[in-house]
Amino acid sequence: MSRVTDVLNSQHIELPSWAFANSGTRFKVFPQAGVPRDPYEKVADAAQVHKYTGAAPTVALHIPWDKTDDYADLARYAEDQGVTLGTINSNVFQDNDYMLGSVTNPSAAIRRKATDHLLECVDIMDRTGSRDLKLWFSDGINYPGQDDLRARQDRLAEALAEVYARLGDHQRMLLEYKLFEPAFYATDVPDWGTAYAHTLTLGERAVVCVDTGHHAPGTNIEMIVAVLLRAGKLGAFDFNSRFYADDDLMVGAADPFQLFRILFEVLRGGGLAPDTEIAFMLDQCHNIEPKIPGQIRSVMNVQEATAKALLVDRDALAAAQEDGDVLGANAVFMDAYNTDVRPLLAELREANGLDPDPMAAYRRSGYAEQIVKDRVGGTQAGWGA
Ligand code: LRH
Ligand code: MN
């Protein structure tokens, strides 16, 4: 069992600062009392998740949503709270100038502006000590003929090369793909293949980010994970779950079996080793549920799926696979998935001096009521769209 507990003890899930802010859909954003008003309060809320789960020691920032005068001071504040600042996310999807694209825009001046934002994010990484720059582009077109697909790829490649050249030796570029939305005909980085092709051209410190909500329905995501891992190009996950599109629901909520299959392929490819280079991040929006408990539940869902993946009897599986024992192999896989790992995780938390039930411990802390009292006035944080 030590192999299982060693991996679970070394598991590190990065939280998105924006999950603690107000979020919603184009129809409505329902504000919640006690929501943070600045990056400091977002970091404080993220620290609560780490306090009770012990598995979420870093917080990803999104620029400009987390813009602040002194990033080094924010990094120090995070340390005081028991967490560190993680991935820096660029944002070239909310400026009026980017209607027809950011780094792929027909206008060279607008491409320059977008690229300068990406370079500014690297400057911020130098101050926060972050390793990863995550690039997601909403760039795309809505109608055939609207723009030249090939030319847009050339423009994208040019901007990525300039940013890649700016990265420091220990810094990486995570290129995130997404099938559609906000573009509804062609997205410039729509799938793993396009992202992979660009990262191959760029170099070894450019890797792919798999957001589990960014695929066509029915896509076998664990297959993509196996292929990218084998190619040494799987850099990160944006974990969430969905029933239909990019719903950004809690990871494992919509399809816990899929999450198990994905984490089994990560394990199979060596991606759960204590020194793994893969960044396991959450990218979610708690539109109607309380946000800190939503993040705690999400971290627990990843831990449970990871524990189940680690319980797959690999020798029995390999034997059945070699024998062509289809049902036997599937049964070995399902036995692990159908194992209740909650007692194991509760024991692990107790062994680490944590409450076996993080949700109950957080509820008893009174933190939720305190932030509602404290955070009066000011402007609640959101997506600022
Ligand atoms: C795009 C995305 C991207 C983030 C944003 C918050 O859908 O997944 O990772 O920048 O959500
Ligand atoms: Mn994402």
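## Loops with cis peptide bonds

P64 is located in the loop that joins β2 (58–62) to α3 (71–81); helices (H or I, at least four residues) and strands (E, at least two) are DSSP runs, numbered from the N terminus. The peptide bond leading from I63 into P64 is cis, and its omega is near 15 degrees. This is a predicted model, in which local features need pLDDT of at least 70 and side-chain atom pairs count only at pLDDT 80 or more, while totals for chains, interfaces and linings use all residues. Residues are numbered from 1 along each chain as its sequence is written, chains are lettered from A and ligands numbered from 1 in the order in which they are written, and side-chain values use heavy atoms, with hydrogens and water left out.

A further cis peptide bond runs from E181 to P182, with omega near 10 degrees. P182 belongs to the loop between β6 (172–176) and β7 (186–187), and E181 is found in the loop between β6 and β7 as well. E181 also has a positive phi, near 75 degrees, although it is not a glycine. Most residues other than glycine have a negative phi, and most peptide bonds are trans.

## The ends of helix α10

Just after α10, G324 has a positive phi of about 70 degrees.

## Packing of α1 against α9

Helix α1 (residues 2–10) packs with helix α9 (residues 291–310) at an angle of about 150 degrees, and their axes are 10 Å apart. That angle makes α1 roughly antiparallel to α9 (over 145 degrees). The contact (heavy atoms within 4.5 Å) involves R3, V4, V7 and L8 of α1 together with Q303, T306, A307 and L310 of α9. By class, the contact residues of α1 with α9 comprise five nonpolar, two polar and one charged.

Methods: Axes are lines fitted to C-alpha atoms, for helices over the stretch in contact, and angles run from 0 to 180 degrees between N-to-C directions. Angles under 35 degrees count as roughly parallel, over 145 as roughly antiparallel, 65 to 115 as roughly perpendicular and the rest as oblique. Ala, Val, Leu, Ile, Met, Phe, Trp, Tyr, Cys and Pro count as nonpolar, Asp, Glu, Lys and Arg as charged, and the others, Gly among them, as polar.
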